[in-house]
Amino acid sequence: MAVDMSELIPRLRAEVNPPGVDLFPDATDETFLIHLQNAFWEAFLDGIITDYTINDDGIITPTTGTTEFAAEYQQLVIVY
């Protein structure tokens with residue numbers, strides 16, 4: 001099952017901002033999506049995430065089978 005990383009942008013914004021504050025008011029969703037894509041590849045290169053790939057649109061799909069990109073992996077990418 002594919003996961004659209006753009007759906008994680010609100011969670012990333014919550015991760016990088018203190019409650020009630022927007023430290024990056026001029027940052028676009030596209031900018032945050034690029035950061036999520038980079039974080040995915042960093043986790044991939046570190047060997048933490050395997051069996052998945054991500055395309056230029058930020059869609060994560062399994063490279064084998066139909067395994068869902070689990071919530072714990074999604075949060076790992078956000079924190080990465």
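This is a predicted model: local features need pLDDT of at least 70, side-chain atom pairs count only at pLDDT 80 or more; totals for chains, interfaces and linings use all residues.
Student: Okay, so where do F40 and F44 sit relative to each other in α2?

Tutor: They are 4 residues apart in that helix, which means about one helical turn separates F40 from F44.

Student: How many aromatic pairs does the structure hold?

Tutor: There are 7 aromatic pairs. One of them is F40 with F44: the ring centres are 6.3 Å apart and the planes sit at 20°.

Student: What makes F40 and F44 a pair, and is it stacked or edge-to-face?

Tutor: Rings pair if their centres lie within 6.5 Å, and planes under 30 degrees apart count as stacked. With 6.3 Å and 20°, F40 and F44 meet both conditions, so the pair is stacked.

Student: How do you know whether F40 is buried or exposed?

Tutor: Buried means under 20% relative accessible area. F40 comes in at 0%, so it is buried.

Student: Now Y52 and Y73. Is that pair stacked or edge-to-face?

Tutor: The ring centres of Y52 and Y73 are 6.2 Å apart and the planes make 65°. Planes over 60 degrees apart count as edge-to-face, so that's the label this pair gets.

Student: What does the Y52–Y73 pair tie together?

Tutor: Y52 belongs to strand β2 and Y73 to helix α3, so the pair links parts that are 21 residues apart in sequence. As for cover, Y52 has 6% relative accessibility and counts as buried, whereas Y73, at 29%, is partly exposed.

Student: Which residues does Y52 touch, leaving out those up to four places away in sequence?

Tutor: The list includes F40, F44, I60, P62, F69 and Y73. E68 is among them too, and the C-alpha atoms of Y52 and E68 are separated by 9.4 Å.

Student: Which residues form one aromatic cluster?

Tutor: F40, W41, F44, Y52, F69 and Y73 do.

Student: And the nonpolar core: which of its residues touch the most other members?

Tutor: In the largest core, with its 18 residues, those are M5, L36, F40, I49, I60, F69 and V77. At least two residues each come from α1, α2, β2 and α3, and α2 gives the largest share, 6 residues.

Student: What is M5 in contact with, beyond four places in sequence?

Tutor: M5 contacts L33, L36, I54, G58, I60 and V77.

Student: What makes R13 and D29 a salt bridge?

Tutor: The cut-off is a Lys or Arg side-chain nitrogen within 4 Å of an Asp or Glu carboxyl oxygen. For R13 and D29 the N to O distance is 3.1 Å, so the pair qualifies under that rule. R13 lies in helix α1 and D29 in helix α2, so the bridge ties together parts 16 residues apart in sequence. The count by this rule comes to 1 salt bridge.

Student: Are R13 and D29 buried or partly exposed?

Tutor: R13 has a relative accessible area of 22% and D29 has 45%.

Student: Why does the phi of D51 stand out?

Tutor: Most residues other than glycine have a negative phi. D51 is not a glycine, yet its phi is positive, at about 70°. D51 is located in the loop between α2 and β2, and its 44% relative accessibility makes it partly exposed.

Student: One more loop, then: between α1 and α2, is N17 buried or exposed?

Tutor: N17 is in that loop, and its relative accessible area is 12%, under the 20% limit, so it counts as buried. Beyond four places in sequence, N17 touches D22, L23 and F24.

Notes
Residues are numbered from 1 along each chain as its sequence is written. Side-chain values use heavy atoms; hydrogens and water are left out. A nonpolar core is a set of buried Ala, Val, Leu, Ile, Met, Phe, Trp, Tyr and Cys residues joined through side-chain atoms within 4.5 Å. Buried means under 20% relative accessible area, exposed over 50%, partly exposed in between (1.4 Å probe, protein chains only). Contact means heavy atoms within 4.5 Å. Rings of Phe, Tyr and Trp (its six-membered ring) pair if their centres lie within 6.5 Å; planes under 30 degrees apart count as stacked, over 60 as edge-to-face and the rest as tilted.
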